[in-house]
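Visitor: I am new to this structure. Could you walk me through how to read it?
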Amino acid sequence: MNPSLIFDIKRYAINDGPGVRTTVFFKGCPLHCEWCHNPESYSAQKQKLYSKEKCIGCGDCVEACEQHACVLTPEGIKTDTTLCILCGKCAEVCPTKATEMSGELRSVDEIMDVLKRDVPLMEQSAGGVTFSGGEPLMHPELLILLLDECGKMGIHRCIDTSGMSNSELLLEVAEKTELFLFDLKMMDSKQHRKFTGIPNDTILKNLRKLAETDVQIIIRIPLIKDVNDNDDNIQKTAEFIAALPGEPRIVNLLPFHNSAVKKHEKLGQIHDSRPLSEPSAQRQTRIIEIFKTNGIQASIGG
Ligand code: SF4
Ligand code: SF4
């Protein structure tokens with residue numbers, strides 16, 4: 001089986017589901033959300049990251065680059081992307097990690113080796129593994145093998161998803177998963193396309209289908225001022241969630257935080273979208289009230 005591109009494996013994670021978890025981040029996402037705090041997850045390709053603040057100008061990367069794609073300039077290292085073959089040799093020699101590669105091909109065995117080390121802590125804390133991204137459902141072959149291996153070891157399995165996937169695959173994965181963290185951005189499909197790059201019809205259909213199964217679902221809603229925090233969107237979101245089949249749903253509200261700016265810089269991207277911010281505390285209280293009025297328990301964080 002071919003390995004998949006993983007951009008991080010975070011151990012001791014406490015915000016990706018219950019207990020202490022190990023989170024595996026798959027690279028590549030069908031959505032392109034303006035507020036994404038992991039912009040390195042958009043692309044399903046390996047990428048080179050560069051941080052000017054960490055660079056000491058030693059030139060080791062320039063020497064290591066057989067393609068002559070790296071140049072040391074007064075503004076720091078510049079990479080000619082037409083010559084760069086993403087071999088990673090520059091990152092291997094960089095003494096300060098100013099240059100790093102994002103995305104590494106990992107096999108089931110390699111990932112399971114990391115997970116196995118964390119089993120005692122997972123058991124003590126009622127935690128487990130979370131498959132996140134990017135979009136883990138873009139990597140069905142590796143994901144299903146990992147879910148099976150974790151299932152054999154009794155590891156609690158969680159999928160953090162945008163919901164943008166083939167429905168049959170989603171339901172197959174649900175049979176091997178204890179918990180879904182399902183992201184819901186906004187209800188208006190045109191607005192959804194404007195802010196994420198795609199309409200939301202498939203996502204809403206998939207959430208309804210998933211709610212018909214027994215798998216536990218926590219719905220996670222990013223809250224962004226003047227994007228999705230208005231009463232109309234929140235009311236429609238609450239009505240949609242209230243109408244889902246099965247148990248009343250838990251909703252985690254995740255106010256926007258601006259942690260991606262540095263990552264865009266490292267990727268050499270100019271993030272020229274409008275400045276985004278979180279809704280005021282007063283607004284967040286109002287949003288919780290709207291959910292409560294619709295019989296839904298919503299809280300900040302999670
Ligand atoms: S990734 Fe390889 S080709 Fe690209 S700049 Fe680094 S050493 Fe050169
Ligand atoms: S090897 Fe690292 S620290 Fe040295 S010039 Fe290249 S990026 Fe900068």
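Guide: Keep in mind that this is a predicted model. Begin with one pair of strands. Strand E2 (residues 21-26) runs parallel to strand E8 (residues 128-132), and five bridges join them.

Visitor: What holds strands of a sheet together?

Guide: Strands of a sheet pair through backbone hydrogen bonds, and the sense can be parallel or antiparallel. For a single spot in this pair, look at Phe 25, which stands opposite Ser 132 in E8.

Visitor: In what order do the strands of the sheet lie?

Guide: The order is E7-E1-E2-E8-E9-E10-E11-E12-E13. These nine strands make an open sheet, and their pairing is mixed. Strand E7 (104-106) and strand E13 (297-300) are the edges; each has a single partner strand, so one side of each lacks a neighbour in the sheet. From one strand to the next, the twist averages 30°.

Visitor: Now a helix. How do I find which residues point the same way?

Guide: An α-helix has 3.6 residues a turn, so residues three or four places apart point the same way.

Visitor: What span should the 13 residues of H11 have?

Guide: At 1.5 Å a residue, H11 should span 18 Å. The end C-alpha atoms of H11 are 19 Å apart, which agrees.

Visitor: Are Tyr 12 and Ala 126 buried or exposed?

Guide: Apply the cut-off: exposed means over 50% relative accessible area. Tyr 12 has 52% relative accessibility, so Tyr 12 counts as exposed. Ala 126 is exposed too, with 54%.

Visitor: Which peptide bond is cis?

Guide: The one from Gly 133 to Gly 134, with omega near 10°. Gly 134 belongs to the loop between E8 and helix H5 (140-152).

Visitor: Where is Val 215 found?

Guide: Val 215 is in the loop between helix H8 (201-211) and strand E11 (216-223). Val 215 counts as buried, because its relative accessibility is 8%. Lys 176 is 39 residues away along the chain, yet the C-alpha atoms of Val 215 and Lys 176 are separated by 9.2 Å.

Visitor: Last, the ligands. Which residues are around ligand 1?

Guide: Among them are Lys 48, Cys 65, Cys 70, Cys 84, Cys 87, Lys 89 and Cys 90. By class, the shell around ligand 1 has eight nonpolar, two polar and two charged residues.

Visitor: How many residues surround ligand 2?

Guide: There are 14 around ligand 2. The closest are Cys 55, Cys 58, Cys 61, Cys 94 and Thr 99. The shell around ligand 2 has nine nonpolar, four polar and one charged residues.

Terms used. Residues are numbered from 1 along each chain as its sequence is written. Chains are lettered from A and ligands numbered from 1 in the order in which they are written. This is a predicted model: local features need pLDDT of at least 70, side-chain atom pairs count only at pLDDT 80 or more; totals for chains, interfaces and linings use all residues. Side-chain values use heavy atoms; hydrogens and water are left out. Two strands pair if DSSP finds at least two bridges between them. Helices (H or I, at least four residues) and strands (E, at least two) are DSSP runs, numbered from the N terminus. Axes are lines fitted to C-alpha atoms, for helices over the stretch in contact, and angles run from 0 to 180 degrees between N-to-C directions. A residue is near a molecule or strand if one of its heavy atoms lies within 4 Å of it. Ala, Val, Leu, Ile, Met, Phe, Trp, Tyr, Cys and Pro count as nonpolar, Asp, Glu, Lys and Arg as charged, and the others, Gly among them, as polar. The expected span of a helix is 1.5 Å times one less than its number of residues. Buried means under 20% relative accessible area, exposed over 50%, partly exposed in between (1.4 Å probe, protein chains only).
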